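Here is a short briefing for a first look. Please keep the sequence and the 3D view open while reading.

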Amino acid sequence: SSFPSPLPAGGESGLSENAMWLLDQRYFARRYDSVSGTIRKEASFGEFARRVARIVASAETAYLGGSASDLEWLRRLENSIYDDITNRRFLFNSPCLFGAGAGMTVDPGLSGRIYCPPEEMTFEDYDLLRRSRTRSQQLFACFVIDVPDSIDGIFDGVKDAAVISKYGGGVGGNFGHLRERGSAINGGIGGQASGPVSFMETWNTMGAVVVQGGRRRAALMGMLFDDHPDIFDFIDAKVEEGKLPYFNISVCVSDKLMKEAEGGGDFSLVSRSDGKTVRRVKAADLWNKLCESAWKRGDPGIFFIDRANDDNLLKLGETWKIESTNPCGEQPLPNYTSCNLGSVNVEAFVTTSPDGRKSFDFSAFVDQVFRSMYYLDLVIDACSYPLERIEERTKKIRPVGLGIMGLADAAILLGMRYGSPRFSEFCKCLGDSMGSAALCAAAGIVSDMGKDPFPEAGLIEDLFSEFAREQGEELFPESWYGRLDREGFRSLLEKMRSSATIPYTLSNALEGFFTAQGLGNEGARLELAGNVLLAFTKGKIRNSRRLSVAPTGSISMLIDTSAGIEPNFAWSWTRRIARADGEGQETREFCHKLLSPGQVDELHEKGKPSDPVFVTAYDIPPDEHVEVTGIFARVVDSGISKTVNLPSGATVDEVKQIYRRCYAMGAKGITIYRDGSRSFQPIETAKKP
Ligand code: CDP
């Protein structure tokens with residue numbers, strides 16, 4: 001039996017056997033086939049891509065009227081998403097790939113509409129798909145909820161986390177509002193509180209029984225403020241083998257702790273029940289303990305919470321304050337909001353000239369960033385949210401998280417060693433182009449595509465009014481930005497940068513217009529920058545968050561590229577897969593796709609290829625890992641998933657220095673992992689299987 005669709009079969013997709021295995025195991029949807037009357041599973045990369053592209057595109061019908069040109073636009077949009085996926089240029093986060101069209105199985109007509117050739121689609125078909133979405137069409141990877149200090153609140157929170165997990169989302173929360181262990185309940189007559197760490201167990205137990213969307217294990221993030229009296233217990237929360245296995249944990253490190261730890265000052269741990277200082281500790285002792293723990297075991301992680309709030313476009317709205325990230329840390333979010341991610345595969349933009357020279361196609365990359373931002377914005381409308389409150393709040397701020405993957409493989413193709421000065425230069429260019437293009441998209445979806453700014457965008461306008469006031473102006477006149485020349489723009493950026501009001505990644509990304517490649521000549525780029533800036537001052541912006549570099553643990557494997565901005569981890573790996581003759585399974589070795597047959601031989605003989613561009617995470621000095629993180633942190637307004645790998649002989653002092661440098665470079669967090677220390681990442685990130 002087959003779908004009524006002449007789409008390319010899997011083999012034509014150019015995906016490796018490894019990737020096809022993953023698609024087949026986890027991503028192919030099963031649904032009722034109206035032709036054969038049986039349940040059938042998708043069988044090709046093409047079918048899979050068609051479903052995802054069509055469902056996301058159908059969200060656009062809410063903005064269209066149904067004219068012939070509207071239908072034309074929908075088909076173009078669908079084909080554009082389809083081409084971007086099948087050409088390995090872009091992929092949505094896993095929940096979107098799992099969830100698009102999920103549950104649309106009962107109406108036999110729908111099944112056909114998901115897979116028929118695009119030229120057969122009518123406007124009504126698209127509109128029907130939009131209206132037929134089921135509750136299972138949950139498309140987001142990242143959620144954050146709050147954990148209030150009451151039994152009701154705590155258990156409502158567990159329930160919400162369970163619902164989010166059930167629908168495939170990763171969920172984080174800050175447990176730091178809970179009163180400390182041993183403090184009084186009910187003014188003393190109710191006994192003693194058991195503290196945040198023990199309540200994290202309730203989430204963990206939930207994680208153990210709920211399998212996300214039936215496909216992957218639950219992923220939880222637990223955070224605690226650094227001045228919580230239970231902070232030392234929290235740091236050790238996972239010391240015991242097997243404790244809190246569904247959690248990543250991170251300490252919210254404040255600017256104050258960073259300052260006092262350096263200056264040798266004291267640090268107050270403050271009671272959550274009465275706001276009084278319960279204990280004063282040496283800031284350096286707390287900092288030490290934290291760094292030592294990360295050195296020893298790789299957890300807890302560190303979240304520079306003040307950085308995240310400084311860089312929050314919504315910081316003037318109390319309800320949009322940030323207290324936690326999602327489980328892998330790339331997405332700081334206000335409580336009860338969510339974000340969908342997508343990643344551009346930079347490797348796909350390396351081109352080869354007729355004489356065999358490789359170069360990077362910046363203008364195609366910039367176009368891809370622009371398009372991808374538009375796709376992710378549509379996902380906000382296409383998604384069925386697990387909770388009404390989250391839907392309402394997410395739609396008020398419309399955050400998206402576009403990132404990149406395939407960076408390490410792009411470097412190999414371009415003949416650069418990951419971590420080398422040339423590579424850093426390349427990363428800087430990529431960051432500038434990505435940062436500028438994302439700004440253009442967030443403004444352009446409003447100005448050029450005519451969609452509304454996100455409902456809370458007035459908060460950005462307020463930010464700029466405040467900035468103007470700081471500069472001694474009532475408000476900058478509209479014409480002012482438009483006539484900025486090079487020097488005028490430079491001096492304005494200087495002012496923005498030295499003001500604490502303007503988010504730093506916004507200033508940095510605006511500065512990126514000076515050098516960004518792929519956006520035309522300098523005159524054109526300055527004009528774009530002026531328009532973007534003007535749009536920001538007027539709050540004419542579509543999304544409150546733009547960029548986020550995810551681990552891409554699964555989706556990078558799905559399109560055979562290196563994960564996120566991480567280096568490669570290995571050149572070969574083994575996996576048990578079904579035998580070609582269908583008789584059980586066999587263990588097979590897979591080698592990195594960029595190795596030539598000669599290099600594969602070399603790998604088998606010497607353990608690694610001799611070409612110096614083939615470096616793994618441990619061949620790269622920690623400083624270079626930090627450098628790459630810092631370069632992207634300049635423009636990535638959400639977060640970056642990146643591990644700094646250390647040799648087993650590294651010291652705690654080195655860990656401290658790494659944290660300091662990341663902090664100074666504007667990173668909102670970082671993971672360190674010392675070779676041989678206990679790896680206790682509950683969520684597989686950026687590691688080849
Ligand atoms: O590659 P994929 O889209 O599957 O995910 P990722 O980039 O490795 O992880 C992105 C986010 O998905 C994480 O930060 C989590 O919020 C979420 N996630 C999850 O909920 N469950 C997992 N088992 C893995 C990731």
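In the hairpin of strand 13 and strand 14, six residues lie between the strands, and G329 takes a positive phi near 90 degrees. This is a predicted model: local features need pLDDT of at least 70, side-chain atom pairs count only at pLDDT 80 or more, and totals for chains, interfaces and linings use all residues. Residues are numbered from 1 along each chain as its sequence is written. Helices (H or I, at least four residues) and strands (E, at least two) are DSSP runs, numbered from the N terminus.

**The hairpin**
- Strand 13 (residues 322–325) and strand 14 (residues 332–334) pair in the antiparallel sense over three bridges; pairing requires that DSSP finds at least two bridges between two strands.
- P332 in strand 14 is the bridge partner of T325.

**Backbone features in loops**
- Y336 lies in the loop between strand 14 and strand 15 (337–345). Its phi is positive, about 55 degrees, although Y336 is not a glycine.
- Y336 is partly exposed, with 18 other C-beta atoms within 10 Å. A residue is buried if 20 or more other C-beta atoms lie within 10 Å of its own, exposed if 12 or fewer, and partly exposed in between; C-beta atoms are placed from the backbone.
- R398 sits in the loop between helix 14 (388–397) and strand 18 (400–405). Phi of R398 is positive too, near 40 degrees.
- R398 is buried, with 26 other C-beta atoms within 10 Å.
- D299 and P300 are joined by a cis peptide bond, with omega about 0 degrees. P300 is in the loop between helix 11 (283–297) and strand 12 (301–304).

**A helix crossing**
- The axes of helix 16 (residues 421–447) and helix 21 (residues 522–537) come within 9 Å and cross at roughly 65 degrees. Axes are lines fitted to C-alpha atoms, for helices over the stretch in contact, and angles run from 0 to 180 degrees between N-to-C directions.
- Helix 16 and helix 21 are therefore roughly perpendicular to each other (under 35 degrees counts as roughly parallel, over 145 as roughly antiparallel, 65 to 115 as roughly perpendicular, the rest as oblique).
- Helix 16 contributes L439, C440, A443, V446 and S447 to the contact, and helix 21 contributes L528, N531, V532 and A535. Two residues are in contact if their C-beta atoms, placed from the backbone, lie within 7 Å.

**Around R130**
- R130 is found in helix 6 (residues 123–131). R130 is partly exposed, with 17 other C-beta atoms within 10 Å.
- R130 touches S58, A59, T61 and A62, not counting residues up to four places away in sequence.
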